[in-house]
Amino acid sequence: MKSNFFRTLIVVYIFQGVSCDIYDELWYVTDLNIGSLHDNSLSCASHPEFRPDLFKFTHLKSLAFFDCFHEPPIVIPSENWTKFSGSLESLEFRSNPGLTG
């Protein structure tokens, strides 16, 4: 348990935009901010896409993308978003001119 605790602290410290909370004695990612918000923020992928793995964050409360989607136009998929219905409180897309849907 201690190793997971310290590993999580290191991840949160190194990268702005990742927050974790404890649920049932386990650490879960609760906030993800991806993009050029801070100098040490999680970077956008060179070819961003909405992969099924994103929807495996079962305790995610907040998800934000900053300046990640440019071109060609990426369509926001309509499937899988219901997986966040029990936890997601905030969804934000800021400065993403290549995002449609």
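Leu-63 stands opposite Leu-91 in strand 5, and strand 5 (residues 90–94) runs parallel to strand 3, joined to it by 5 bridges. Two strands count as paired if DSSP finds at least two bridges between them. The model is predicted, so local features need pLDDT of at least 70 and side-chain atom pairs count only at pLDDT 80 or more, while totals for chains, interfaces and linings use all residues. Residues are numbered from 1 along each chain as its sequence is written, and side-chain values use heavy atoms, with hydrogens and water left out.

**Overall layout**

- The protein chain has 1 helix and 6 strands, in the order α-β-β-β-β-β-β from the N terminus. Helices (H or I, at least four residues) and strands (E, at least two) are DSSP runs, numbered from the N terminus.
- Of the 101 residues in the protein chain, 29% are buried. Buried means under 20% relative accessible area, exposed means over 50%, and partly exposed lies in between (1.4 Å probe, protein chains only).
- Among contacts between residues at least 6 apart in sequence, 66% join residues at least 24 apart. A contact means heavy atoms within 4.5 Å.

**Strand 3**

- Strand 3 is largely enclosed by the rest of the structure, because 5 of its 5 residues are buried.
- In a regular strand the side chains alternate between the two faces of the sheet.
- On one side of strand 3 are Ser-62, Ala-64 and Phe-66, on the other Leu-63 and Phe-65, and all are buried.
- Strand 3 also pairs with strand 2 in the parallel sense, over 5 bridges. Phe-66 of strand 3 is the bridge partner of Gly-35.
- Ser-62, in strand 3, counts as buried because its relative accessibility is 17%. Leaving aside neighbours within four places in sequence, Ser-62 is in contact with Thr-30, Asp-31, Leu-32, Leu-88 and Ser-90.

**Nonpolar core**

- The largest nonpolar core has 16 residues, of which Phe-50, Leu-54, Leu-63, Phe-65 and Phe-84 touch the most other members. Strand 1 (18–23), strand 2 (26–35) and strand 3 (62–66) each give two or more residues to this core, and the largest share, 3 residues, comes from strand 2.
- Such a core is a set of buried Ala, Val, Leu, Ile, Met, Phe, Trp, Tyr and Cys residues joined through side-chain atoms within 4.5 Å.
- Beyond its neighbours within four places in sequence, Phe-50 has contacts that include Phe-65, Phe-69, Trp-81 and Phe-93.

**Largest pocket**

- The largest pocket holds about 290 Å³ of space. A pocket is an open set of points on a 1 Å grid over the protein atoms alone, where a 1.4 Å probe fits, with protein on both sides within 12 Å along at least five of seven lines; lining residues have an atom within 4 Å of a point. Grid points are joined across faces, edges and corners, and the volume is the space filled by probe spheres set on the points.
- The lining has 15 residues, and Ile-34, Glu-49, Arg-51, Leu-54 and Phe-65 lie nearest the centre of the pocket.
- The lining divides into 10 nonpolar, 2 polar and 3 charged residues. Ala, Val, Leu, Ile, Met, Phe, Trp, Tyr, Cys and Pro count as nonpolar, Asp, Glu, Lys and Arg as charged, and the others, Gly among them, as polar.

**An exposed loop residue**

- Pro-73 lies in the loop between strand 3 and strand 4 (74–75) and counts as exposed, at 61% relative accessibility.
- Not counting residues up to four places away in sequence, Pro-73 touches Gly-98 and Thr-100.
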